[in-house]
Amino acid sequence: MARKNIFGIDDHAADQNPATQGDAADFRPLASFERPLNRSGPVGALSRSLGGINEKAQRAVDLERQLAQGQAIVELDPQLVDSSFVPDRLGVNAADQNMLLSQIREHGQQVPILVRPHPEASGRFQVAYGHRRLAVVKQLGMKVRAVVRELSDEQLVVSQGQENNARTDLSFIERAFFSRRLEQHGFSRDVIMSSLGVDKAALSRMIALVGRLPASLIEAIGSAPGIGRTRWAEIAELVEDPFKEAEALKVILSPTFGAMSSDERFEYVFEQIRLARHKPRTSVWSVEGRPKVVRISETEDRLSLVFDKAAVPNFGAYVEKRLETLYREFLEKTETGD
């Protein structure tokens, strides 16, 4: 005996509904669902009205409806979108950000961001590029327009780097610092080269230069868009002196430092450590029963030893005769790293 159609559903109409046909309509990778959800239809609508379908499932249905209608760009709740796992920026210029905010407020978000389903948090997304647009949209309380793609970690960082390169959007130190971060995350040099659009030699120089600079100093100075590789190499050479490195780390704690532009912060640090001088040092070297055998004085450029001939006669002359031997021993120690 045939079962009565108690809900009055038109079976023929249901068969004609594209959203209910085939397994592909049930699979929802964009929302990170591993199992098909119940098909949509009048029964589903009734279930929703009774609270049978949760908010997460409804988001997935809305998102996929846009895709099914041929929209490559979807609208997402920006609160569900997280930053890339490898940041590529060293702060944001306030003037540029305000200009972007005004443009989006007046004309809407014209350029979508690129995201992927979050690999660790179901129902969330992760940005490949478009962090500034995402921040502005959050501030304006709007939905964010995005392209959603399944991306591996390597594909994400390559997309992230290439997008910024295409717009020449990152400064030298941001690109160099980004390359260093990628290497620390275990990415191969080939992947990093593809991301930044540089050859092997250029990448090696960038990573080596960043390795000579304290990360806290780079992050404090910021993007420094007007400062190129040569100037950063100069500051790296200065901070190889532990005294000057310590001075640089003191400078960035200055109360007025944060109020400067990024380029101004670089110039301020550079000038302060370039002019920094070791404080003069004085001491004495003694042996048991013979105090103050040698008086020592040291300045930025000179170390002086003064031998007290009354305390130990001929000791100064003995050291003088052994200077060449001492120098050779010094070179050997230096070359072997001992």
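Me: Looking at Arg265 in this predicted model, is that side chain buried or exposed, and which side chain of opposite charge is nearest?
Reply: Arg265 is buried yet has no salt bridge, and the nearest side chain of opposite charge, that of Glu264, is 7.3 Å away. With a salt bridge requiring a side-chain nitrogen within 4 Å of a carboxyl oxygen, Glu264 at 7.3 Å does not qualify as a partner for Arg265.

Me: Where does Arg265 sit, and what is it in contact with?
Reply: Arg265 belongs to helix 13, which covers residues 262-275. Leaving aside neighbours within four places in sequence, Arg265 is in contact with Ala220, Ile221, Gly222, Phe257, Gly258 and Met260.

Me: Ile221 is on that list; what else does Ile221 touch?
Reply: Not counting residues up to four places away in sequence, Ile221 touches Trp232, Ile235, Phe257, Ser262, Phe266 and Val269, as well as Arg265 itself. Ile221 is also among the residues with the most contacts inside the largest nonpolar core, which has 47 residues, and Ile218, Trp232, Ile235 and Val269 are named alongside it.

Me: What other core lies apart from that one?
Reply: Another core, of 12 residues, lies apart from it, and its members include Val115, Val137, Ala146 and Val148.

Me: Switching to strands, why is strand 4 described as largely enclosed?
Reply: Five of the five residues of strand 4, residues 125-129, are buried, so the strand is largely enclosed by the rest of the structure.

Me: And which strands pair with strand 4, and in what sense?
Reply: Strand 2, residues 81-82, pairs with strand 4 in the parallel sense over two bridges, and there Asp82 stands opposite Gln126. Strand 3, residues 113-117, pairs with strand 4 in the antiparallel sense over four bridges, with Pro117 standing opposite Phe125.

Me: How many bridges join strand 7 and strand 8?
Reply: Strand 7, residues 290-298, pairs with strand 8 in the antiparallel sense over five bridges, and Ser297 has Ser304 in strand 8 as its bridge partner.

Me: Last one: which residues of helix 8 are buried, and what happens just after it?
Reply: In helix 8, residues 189-196, the buried residues are Val191, Ile192, Met193, Ser195 and Leu196. Just after helix 8, Gly197 takes a positive phi of about 70°.

Technical notes: Residues numbered from 1 in each chain as written. Predicted model: local features only at pLDDT ≥ 70, side-chain atom pairs only at ≥ 80, totals over all residues. Heavy atoms only, no water. Core = buried A, V, L, I, M, F, W, Y, C linked by side-chain atoms within 4.5 Å. Buried < 20%, exposed > 50% of the residue type's maximum accessible area, 1.4 Å probe, protein only. Contact = heavy atoms within 4.5 Å. Pairing = 2+ DSSP bridges. Lys, Arg positive; Asp, Glu negative; His and termini not counted.
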